[in-house]
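Open the model in a viewer and keep the sequence panel beside it. The stops below say what to select next and what is there.

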Amino acid sequence: MSAEPLEIHLEEQDLARGLREDVRLGLTADAKWLPPKWFYDARGSELFEGITRLPEYYPTRAERAVLARRASAVAALTGAKTLIELGSGSSEKTRLLLDALTDRGGLGTFVALDVSASALRASTARIAADYPGLRVRGIVGDFTRHLDRLPTGGRRLVLFLGGTIGNLLPDERAAFLSAMRAALEAGDWLLLGTDLVKDPSIIVPAYDDAAGLTAEFNRNVLRVINRELGADFDPAAFTHVARWDAACEWIEMRLRADRPMRVRIPGLDLEVAFAAGEELRTEISAKFRPEGVAAELDAAEFAGRAFWTDPDGLFGVTLARA
Ligand code: AVJ
């Protein structure tokens, strides 16, 4: 079967408006910040794919190790008829679940939800080609806003992998998990990937690699703003910073202005000043403790769970029941 036409819940103009709002809010704040979702244009998505193959970036390999070992248990426990992936990206790890669920029999539909129509079109086409007989749907949407648009019925398993939940601040995370639980019915399941707290000497290099790929990924948000809003950021004048916050247990990516700058953003009719050394926060990536994940899922009224890690204890995957 070929993939069905994409279902669009997020139009180009919604995306453009969202970018304008975020950039105005974040760059006029006292402590400047931008949300990480704007990294991922075509170039940013490619840079991220490169990051997942870096020797220093352990989360992708560690999560894959968990899924390779546990996919058949997930299939047996859930008996899912519909597999839904949030923020599908390249959907590579998804195949481990698709294989296990098709082997078991009973899987009828795969649904991917992503903000990027182009990424979605490519990933759903590949999956439709490789899993004949599977109904494949792509939904263009934002996982913080469109969970109520997910298809209903059948026993559903939702994948939220990669540790992307760590990009949300604690209160946003609580809101997300409650909305997720509300979108599910009793007997549906959530498979949640969370990077775990560990020595910063392992975490920091994963976000500040020797080859400089993460630095380019970080600066890419400035290129996106230049292109979409006609801004004149000089990305080369910003230094990549990755800093572990021990109190919050998250790593932050920042861009530090190497010199004083005035940046014009015609699309917002805005001019923004940077002092020399001023930092712009572009991402938080929270790391979790197993008991913290459990407490957050309990607070969101999930009913029960299984928790697995890779052999090195780097990354956690939780199967939670609605
Ligand atoms: C895709 C959000 C899981 O936080 O590790 C990789 C993004 N940022 N290197 C992460 C990212 C810098 C990644 N997530």
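## First stop: helix α9

Helices (H or I, at least four residues) and strands (E, at least two) are DSSP runs, numbered from the N terminus. This is a predicted model, in which local features need pLDDT of at least 70 and side-chain atom pairs count only at pLDDT 80 or more, while totals for chains, interfaces and linings use all residues. Residues are numbered from 1 along each chain as its sequence is written.

Select residues 290–299 to see the whole of α9. Val 293, Glu 296 and Leu 297 are its buried residues. Seen down the axis of α9, these buried residues fall within an arc of 100°, so they line one face of the helix; the arc is that of the directions from the helix axis to the C-beta atoms. An α-helix has 3.6 residues a turn, so residues three or four places apart point the same way.

What covers the buried residues of α9? Show α6 (170–183), β6 (189–195), β12 (304–309) and β13 (315–321), which are included in that cover. Contact here means that the C-beta atoms of two residues, placed from the backbone, lie within 7 Å. Just after α9, select Glu 301, which takes a positive phi of about 70°.

## Second stop: the three-stranded sheet

Now colour β7, β8 and β11. These three strands form an open sheet in the order β7-β8-β11, with antiparallel pairing; two strands pair if DSSP finds at least two bridges between them. β7 (238–245) and β11 (279–286) are the edge strands, each pairing on one side only. On average, neighbouring strands of this sheet are turned by 20° against each other, direction ignored.

Select β8, residues 250–257, which pairs with β11 in the antiparallel sense over seven bridges. Leu 255 stands opposite Leu 280 in β11.

Axes are lines fitted to C-alpha atoms, for helices over the stretch in contact, and angles run from 0 to 180 degrees between N-to-C directions.

Select Gly 230 in the loop between α8 and β7. Is Gly 230 buried or exposed? Gly 230 is exposed, with 12 other C-beta atoms within 10 Å. Leaving aside neighbours within four places in sequence, Gly 230 is in contact with Pro 266 and Gly 267. The C-alpha atoms of Gly 230 and Leu 268 are separated by 9.0 Å, although the two are 38 residues apart along the chain.

Next select β9 (residues 261–265) and β10 (residues 270–274), which pair in the antiparallel sense over five bridges. They form a hairpin with four residues between them, and Asp 269 in the turn has a positive phi of about 55°. Ile 265 stands opposite Leu 270 in β10.

## Fourth stop: annotated positions

The UniProt annotation "binding site" (unreviewed entry) covers Tyr 57, Asn 167, Tyr 207, Glu 283, Ile 284 and Ser 285. UniProt positions are given in the numbering used here, feature names are shortened, and annotations may be inferred rather than shown by experiment.

Select Tyr 207 in the loop between α7 (200–206) and α8. Tyr 207 is buried, with 23 other C-beta atoms within 10 Å. Not counting residues up to four places away in sequence, Tyr 207 touches Thr 214, Ala 242, Ile 251 and Met 253.

Move to Ile 284 in strand β11. Ile 284 is partly exposed, with 19 other C-beta atoms within 10 Å. Leaving aside neighbours within four places in sequence, Ile 284 is in contact with Asn 167, Leu 169, Trp 250 and Glu 252.

## Last stop: the whole chain

Zoom out. The protein chain has nine helices and 13 strands. Along its principal axes the C-alpha trace spans about 60 × 45 × 35 Å. Buried residues make up 41% of the 322 residues.

Note on methods. Buried ≥ 20, exposed ≤ 12 C-beta atoms within 10 Å, placed from the backbone.
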